[in-house]
There are 2 protein chains.
Amino acid sequence: MSRLVMKFGGTSVADLDRIRSAAAHVKREVDAGHEVAVVVSAMAGKTNELVGWVRETSRLYDAREYDAVVGSGENVTAGLMALTLQEMGVPARSWQGWQVPVHTSSAHGAARIERIDTERLEAKFAEGMHAVIAGFQGISSEGRITTLGRGGSDTTAVAFAAALGAERCDIYTDVDGVYTTDPRITRKARKLGRISYEEMLELASLGAKVLQTRSVELAMRYKVRVQVRSSFGEEPGTLVCDEEEIVENRVVSGIAHTRDEAQITVAGVADRPGMAAALFGPLAASNINVDMIVQNVSAGGHTDMTFTVPHVDLARATDVLEKARSNGDVAFDALHVNEDVAKVSIVGIGMRSHAGVAHQMFQALAAENINIKAIATSEIKVSVLVDRKYLELAVQALHDAFGLEKAS
Amino acid sequence: MSRLVMKFGGTSVADLDRIRSAAAHVKREVDAGHEVAVVVSAMAGKTNELVGWVRETSRLYDAREYDAVVGSGENVTAGLMALTLQEMGVPARSWQGWQVPVHTSSAHGAARIERIDTERLEAKFAEGMHAVIAGFQGISSEGRITTLGRGGSDTTAVAFAAALGAERCDIYTDVDGVYTTDPRITRKARKLGRISYEEMLELASLGAKVLQTRSVELAMRYKVRVQVRSSFGEEPGTLVCDEEEIVENRVVSGIAHTRDEAQITVAGVADRPGMAAALFGPLAASNINVDMIVQNVSAGGHTDMTFTVPHVDLARATDVLEKARSNGDVAFDALHVNEDVAKVSIVGIGMRSHAGVAHQMFQALAAENINIKAIATSEIKVSVLVDRKYLELAVQALHDAFGLEKAS
């Protein structure tokens, strides 16, 4: 009998009606002959309520007590889902993290799953009892409840799929799959049938909120086939899988964009060895991720250095640099900030074997008179920084240029 | 170092402000040198919300899943209370039932505490860490979460006081103690300094909602001194203790009343052996508690039988009797129902050694022209059934007759 993990996020279990709809998906798969492990999040809004209470109680809260409070939302949904399934004639039993148990590290609030003991679940499967698992949580070696951090239920689902040897891990969510680009920007955006782990990872780290980065890493490591699909319909979604499973021969799979970056230009930096280290050292020490670094050609022993930082870190970043200057750690003339920028990226495993992809990208942007302010590349990704007003135009031009509206 | 268990009910932890007030009581006792185990209920309304969800999901719900859902309210309060205490500088750690663990029977929804393993708590006490315990819950031998039934947090508190050898178990609630009678009926009602377990048990079973009957039974068995006191002040409350600790020499300690009973008269029953069994057998089989039975003198081989049942069971009781009649199991002429009745009871361990207490009660009622419709007695209690309109008058007359306004 084949196994399936089915994960439902907060909006898919937001109230009793939604839980019933989700349970109907489970019943369909059970009727089709699967042994199912259902992973559920807390009802939408519940985790935020609990987090709010903890923060209001204690500014520098004890992370162990944070986890004890915040993990409770999933327990409610797990019990209600088990009851709903029973009501539909599907034998089911709920499992909290400590009951399975799901062993995690002791990094409360951001714990990592280390091992899942599946014996008790297996025993119940053998009795014909399907499992409903409270996502997002586990137990530390000290016997305290841990949580995996935001989006952790995706990770729970993938980890169970690996531990149970499931045929697939279906992530039911409020979108029906992974698209070639944001459908709000172009109606030519097309749902992908399949996407590789590597591409999904790049898209996730570029801000596509479909799957949590860590869950994709885990899926890639254990070769868990993950399907992203809608809770509100029965059409298949997008399968995230090994590239060997992908027969389509495409160079670019998707186009991502983000408005969440800001550009900083440090003008008039003395151009000498160790200058970059002196500049970026304090930023790294403050946990600020620097991206898309551009250094101008030096003139008169001085140069300009441009880079991007996440928008939320902008104020902190300029602060850190100004402090480094007043400490005498670095010397520069001025800081210029540009918040009206956007990053547009093309992602595709086909790039590895195709030369000239970046060139094709730049040409498409040039044809629309879009100026590129910075470039960053990885093995399967090219990102460019453009003025924010060109964001939609750039995405549409690239979507056309790489022929993404056509299933290849 | 002496130990104290402090229990806070739902209204005492209804929101973050209330939790802070409760925590201030705990800090006071910690500062006074006690090792404290705090037992908390769910925030007021939370348990009802969870129960509502379960009932809406499944009419004949699986009690194991009911417990998994309904027990989660206490976990939230326990974590928040631990955080609040830490914030006040009181080292504290939260404990869920399975973490202690609190071993219970497998009677989900109404489990009994069988054993509390205190080693982990003791180890934390030794480190100077006070305990916050989620009330109302435990773990079955199958590793499933159990709940103790309504009011179960009182029982949790008393059980921990016994297991930890606590000097006292303080139940913080929204009343400031146990009164000689309901202060809404007479302003002469007086807060009792002490009351014996036996008296408290009678009062609890007569509808005084101060303490859960089961928790008083447990306190009596393990000689746990229980103090009922207000969360909203610092005055001492009422100590529920062994009668040997009570030096006051009083005959009657309190007057209880309830409107929750209804009177049924079965008219024209054939007066023959086995008649009572035939009548009350079907009621017992339907789990209906019959109280205050009065049998008239037989006339012409027939008699009338009068008794009371809890008001909520009235419809079911008449149904059962009518069915028994149509089955031919019993024979009677008619059923008469009187819902306009009330039960008034005097309770006191002094009755054991004082003759004439019932007589004194009947005289006081007669002096007010209050007709007694039925009588029931136990070793330390006399109850009478009266027309409901006389309830307040009866209570006031008895309060005066036994001199309860004066501390004896």
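Predicted model: local features only at pLDDT ≥ 70, side-chain atom pairs only at ≥ 80, totals over all residues.
Residues are numbered from 1 along each chain as its sequence is written, and chains are lettered from A in the order in which they are written.

In chain B, 27 residues are in contact with 27 residues of chain A (two residues are in contact if their C-beta atoms, placed from the backbone, lie within 7 Å). On the chain B side, α2 (46–57), α3 (63–70) and α4 (72–87) each supply at least two residues; helices here are DSSP runs of H or I with at least four residues, strands are runs of E with at least two, and both are numbered from the N terminus. The largest share, eleven residues, comes from α4(B). By class, this side of chain B has 13 nonpolar, ten polar and four charged residues (Ala, Val, Leu, Ile, Met, Phe, Trp, Tyr, Cys and Pro count as nonpolar, Asp, Glu, Lys and Arg as charged, and the others, Gly among them, as polar).

Chain B is superposed on chain A by a rotation of 180° with 0.1 Å of shift along its axis, at an RMSD of 0.1 Å (by least squares on the C-alpha atoms of residues with pLDDT of at least 70 in both). The two copies are thus related as by a two-fold rotation axis. In chain B, the C-alpha nearest this axis belongs to S72(B), 3.1 Å from it. Because 100% of the interface residues of chain B are also interface residues in chain A, the copies meet through the same surface.

Helices α4(A) and α4(B) pack at an angle of about 180°, with their axes 9 Å apart (axes are lines fitted to C-alpha atoms, for helices over the stretch in contact, and angles run from 0 to 180 degrees between N-to-C directions). The contact involves S72(A), N75(A) and V76(A) together with S72(B), N75(B) and V76(B).

Turning to the backbone, a cis peptide bond joins V100(A) and P101(A), with omega about -15°, and P101(A) lies in the loop between β3 (92–95) and β4 (102–104) of chain A. In chain B, V100(B) and P101(B) are also joined by a cis peptide bond, with omega about -10°.
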